[in-house]
Amino acid sequence: MTEHTSPEIILYDLACIKNACFSPVVWRIRLILNYKCIPYRTVFVEFPDIEPTMKELGLACHDANSGSNAKYTVPVIRHIPTDICIMDSPAIAEFLEATYPTPPLPLTSELGREIETKARRAVAPTFGRSIVPREIHILSPRSQEYFRRTQEARLGQRLEDLCEPAKEKEIWEVMSDKIRAAGELMLTHQADGPFVLGAQPSYTDFFIAGSLQSARMISEDVFQRFHSYPGFMEIYMACAPYLEKKD
Ligand SMILES: N[C@@H](CCC(=O)N[C@@H](CS)C(=O)NCC(=O)O)C(=O)O
């Protein structure tokens with residue numbers, strides 16, 4: 001697709017031992033780049049190297065009130081033609097939409113917002129038990145040490161305690177109806193096409209597909225659970241062409 005064109009964007013992504021994108025938030029941006037066929041190359045950064053790398057790019061850290069646990073995060077992009085660097089996925093999405101308007105990607109919609117809110121509320125608790133503690137297995141030793149230290153301090157418990165089988169089973173049961181309801185909403189415009197808004201993708205599709213692809217990179221078993229719910233796999237399959245470039 002874009003391999004033979006000189007890159008216009010450098011995408012700073014999170015490194016893992018699979019040498020492919022596994023962060024749900026970076027996937028959202030990668031899906032946009034792939035959908036719009038924007039030529040880009042990836043720089044994978046280990047967790048402990050994110051802060052020094054972004055400081056070197058001249059980026060200011062997240063505002064203390066931003067809700068971010070870390071001072072610096074990926075995704076970050078550097079737009080080579082203008083030498084602009086941007087951190088934070090919503091700001092990056094807006095920049096890409098303004099700079100590369102074709103094909104267009106609706107960034108917000110009423111239905112999209114409702115799905116994102118409901119899917120986040122329903123799925124985040126299950127990912128907290130099933131994905132977060134398993135993420136460590138695809139990290140390098142340096143990133144493992146960083147991830148364990150920061151996550152266990154944030155969560156107040158050991159990663160291994162999070163996915164204790166009985167507790168993990170319970171959270172999926174508790175959230176099941178809410179996951180189903182969010183998935184059903186994803187099928188609202190099914191008659192018009194495979195995406196949330198119908199025939200063309202929107203940011204909400206990439207939000208969903210990015211989260212599922214992230215889960216898949218960490219645990220195929222957890223990813224496969226979404227076959228039991230409506231909507232999720234339909235959106236994932238519709239986004240498959242834009243999930244191809246992973247690094
Ligand atoms: N609000 C940020 C969140 C990004 C984020 O949380 N990124 C994680 C990786 S998925 C990160 O870089 N964490 C760095 C750390 O924990 O030190 C965005 O939307 O870009």
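**Entry 1: overall form**

I am working from a predicted model. I first looked up the secondary structure and found 11 helices and 4 strands in the chain. Next I took the extent. The C-alpha atoms fill a box of roughly 50 × 50 × 35 Å along the principal axes. Then I checked the radius of gyration. A compact globule with 247 residues would have a value near 18 Å, and the chain has 18 Å, so the two agree.

**Entry 2: H4 against H8**

I turned to helix H4, residues 110-130, and helix H8, residues 165-186. How far apart are their axes, and at what angle do they pack? I noted 9 Å and about 160 degrees. Angles over 145 degrees count as roughly antiparallel, and H4 and H8 are therefore roughly antiparallel to each other. The crossing of H4 past H8 is left-handed. I then listed who makes the contact. H4 supplies Glu-114, Ile-115, Lys-118, Ala-119, Arg-121, Ala-122, Val-123, Pro-125, Thr-126, Arg-129 and Ser-130. From H8 I wrote down Lys-167, Glu-168, Ile-171, Trp-172, Met-175, Lys-178, Ile-179, Ala-181, Ala-182, Leu-185 and Met-186. Sorted by class, this contact of H4 with H8 has 13 nonpolar, 2 polar and 7 charged residues.

**Entry 3: H1 against H9**

Helix H1 covers residues 24-35, and helix H9 covers residues 203-218. I read an angle of about 125 degrees and axes 8 Å apart. H1 and H9 are therefore oblique to each other. H1 passes H9 in a right-handed crossing. On the H1 side I found Pro-24, Trp-27, Arg-28, Leu-31 and Ile-32. On the H9 side I found Phe-206, Phe-207, Ala-209, Gly-210, Ser-211, Gln-213 and Ser-214. The class count for H1 with H9 is 7 nonpolar, 4 polar and 1 charged.

**Entry 4: H1 against H3**

I stayed with H1 and looked at its packing with H3. The angle is about 5 degrees, and the axes lie 10 Å apart. Angles under 35 degrees count as roughly parallel, and H1 and H3 are therefore roughly parallel to each other. Val-25, Arg-28, Ile-29 and Ile-32 of H1 meet Ser-89, Ile-92, Ala-93 and Leu-96 of H3. I counted 6 nonpolar, 1 polar and 1 charged residues in the contact of H1 with H3. Arg-28 and Ile-32 of H1 had already come up in the contact with H9.

I went looking for cis peptide bonds. One joins Val-74 and Pro-75, with omega about 10 degrees. Pro-75 sits in the loop between helix H2 (50-56) and strand E3 (76-79). Another joins Thr-102 and Pro-103, with omega about -10 degrees. I placed Pro-103 in the loop between helix H3 (89-99) and H4.

Which residue has a positive phi although it is not a glycine? I noted Cys-37, at about 55 degrees. Cys-37 is in the loop between H1 and strand E2 (40-45).

**Entry 5: around the ligand**

Last, I looked up the ligand shell. Which of the 13 residues around the ligand come nearest? I wrote down Ser-23, Val-25, Ala-70, Thr-73 and Ser-89. The shell divides into 7 nonpolar, 5 polar and 1 charged residues. Two of these names were already in my notes: Val-25 and Ser-89 take part in the contact of H1 with H3.

How values were computed. Residues numbered from 1 in each chain as written. Predicted model: local features only at pLDDT ≥ 70, side-chain atom pairs only at ≥ 80, totals over all residues. Near = placed C-beta within 6 Å. Nonpolar A, V, L, I, M, F, W, Y, C, P; charged D, E, K, R; others polar. Axes fitted to C-alpha atoms, helices over the stretch in contact; angles between N-to-C directions. Helix = DSSP H or I, 4+ residues; strand = E, 2+ residues; numbered from the N terminus. Parallel < 35°, antiparallel > 145°, perpendicular 65-115°, else oblique. Left-handed = near helix turned anticlockwise from the far one by under 90°. Contact = placed C-beta atoms within 7 Å. Rg over C-alpha atoms; globule rule 2.2 N^0.38 Å.
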